[in-house]
Amino acid sequence: MKYLLSIIALLLFATAPTVQAQDLVAIRAGAMLDVETGQVHRNVVLLIRNGRIEAVGANVAVPKGAEVIDLSDQFVLPGLMDAHTHLLIQPDYASNNPILNKSIPFRTAEGIAAAKATLLAGFTTIRDMDSEGADWADVAIRDAIDKGLVPGPHSQVATRALSITGGYMNQNGLAPQIDVPQFGFLADSDDAIVAEIRREYKYGTNWIKLYATGTTRHINLADMTPLPQFDRDQIALVIKEAARFRIPVAAHAYGGPGAYDAVDLGARSIEHGMLLDDKTLDLMVQKGTFWVPTISVYMTEGLPAEWSARTTAIVKAHKATFARAYKKGVRIAYGTDAGAIPHGENAIDFALMVDYGMSTIDAIRSATIVTADLMGLTEETGRLSPGMAADIIAVEGNPLDDITQLKHVSFVMKAGHVYKN
Ligand SMILES: [Zn+2]
């Protein structure tokens, strides 16, 4: 008994100072980017208490007993945010159909590894834009991260995407008599749409993902028209039913009437949108609709030869649309479609956005304050100011001079916990 008590005393004595130090942390940053003003501040102290930023500035004193993290040779900025990921698909999906070849428990394990890779790459927040046939596994991963069971970014999820029979998210290439699970929920009637939205709410979704247009194989190359998958009445129904549960709608839409109707009827974001016309872009500016362009995924090499003309045309259109949208002032959030590209390589789109005409500071804003606004996290993350979550990363050099610095993140803190240093 005496022996046990002394062990308990020793444990208390040994753990108490550590707990206290974690409660109060001071980061000494050689340089810090204010993403709102675009200004770089030198020799800044960030004081963090209980996972939140308490004070930031050159004159902030380091209190006695605070754990000090020395980043005096580093460039500090807010944790990055990816508004379009798929933790539950991996880059092998095209050659190794996950629904046919992998169990959902195995896919969940892959998703947990993907979440960790994403966090260690400096992305402290993600919006996971549907589970690609793994049902509610994204909810499980999000909740396991929130409970501290596994490392990963703050996450919002979309569970099962709404699509149609014959459109996107279908299992293709199988004989009609073979019935298998699909990549999305194929909602071919109003009743099916309403029931599925209620089910997704019940099982914990944060977003409704609507495939308002089909995929690239549905684009009519003669006039570059995407396939609208739902009519106006059905898009209105989706948005109305989601709004009942206060859930926003993200619309996968390349352009044409499917994209216009989604914007007009109140979708919060348009995903991909490489064929958006001026009429739709102007409406997006007017209504404050966010655009998540996911540039890199449409540049994927190794597509079948018969797709190469299609891919070339799409990439060309995407670049032109990006330039027009940026000039018009569309709110461009940062999204990669990670899963189609390797998880942990989420910084790949920064250089493409800059190549397409965006300034480096606006590319960084896209992955911080703009995506925070999209996700309803304006007062939670995306900026390094008092009261915000301590989601902080560091790189070696100034990303305003070289945006590819963001591919090499040396330090990651999420909610005050250090995951990489
Ligand atoms: Zn996607």
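Predicted model: local features only at pLDDT ≥ 70, side-chain atom pairs only at ≥ 80, totals over all residues.

The secondary structure of the protein amounts to 11 helices and 17 strands. For 421 residues the globule rule gives 22 Å, and the radius of gyration here is 23 Å, close to that value, so the protein is as compact as a globular protein of that length. Along the principal axes, the C-alpha atoms fill a box of roughly 75 × 55 × 40 Å.

What share of the residues counts as buried? The figure is 49% of the 421. As for contacts, take those with a separation of 6 or more: 70% of them are between residues 24 or more positions apart.

Now the helix pair. Two packed helices are described by the angle between their axes and by the distance between those axes. The pair I picked is α3, residues 104-120, and α4, residues 137-146. Their axes come within 10 Å and cross at roughly 45°. With that angle, α3 counts as oblique to α4. The crossing of α3 past α4 is right-handed.

Which residues make the contact? From α3 they are I104, R107, T108, G111, I112 and A115. On the α4 side they are A137, A140, I141 and I145. Sorted by class, the contact of α3 with α4 has seven nonpolar residues, two polar and one charged.

That is the end of my part.

Technical notes:
Residues numbered from 1 in each chain as written. Axes fitted to C-alpha atoms, helices over the stretch in contact; angles between N-to-C directions. Helix = DSSP H or I, 4+ residues; strand = E, 2+ residues; numbered from the N terminus. Parallel < 35°, antiparallel > 145°, perpendicular 65-115°, else oblique. Left-handed = near helix turned anticlockwise from the far one by under 90°. Contact = placed C-beta atoms within 7 Å. Nonpolar A, V, L, I, M, F, W, Y, C, P; charged D, E, K, R; others polar. Rg over C-alpha atoms; globule rule 2.2 N^0.38 Å. Buried ≥ 20, exposed ≤ 12 C-beta atoms within 10 Å, placed from the backbone.
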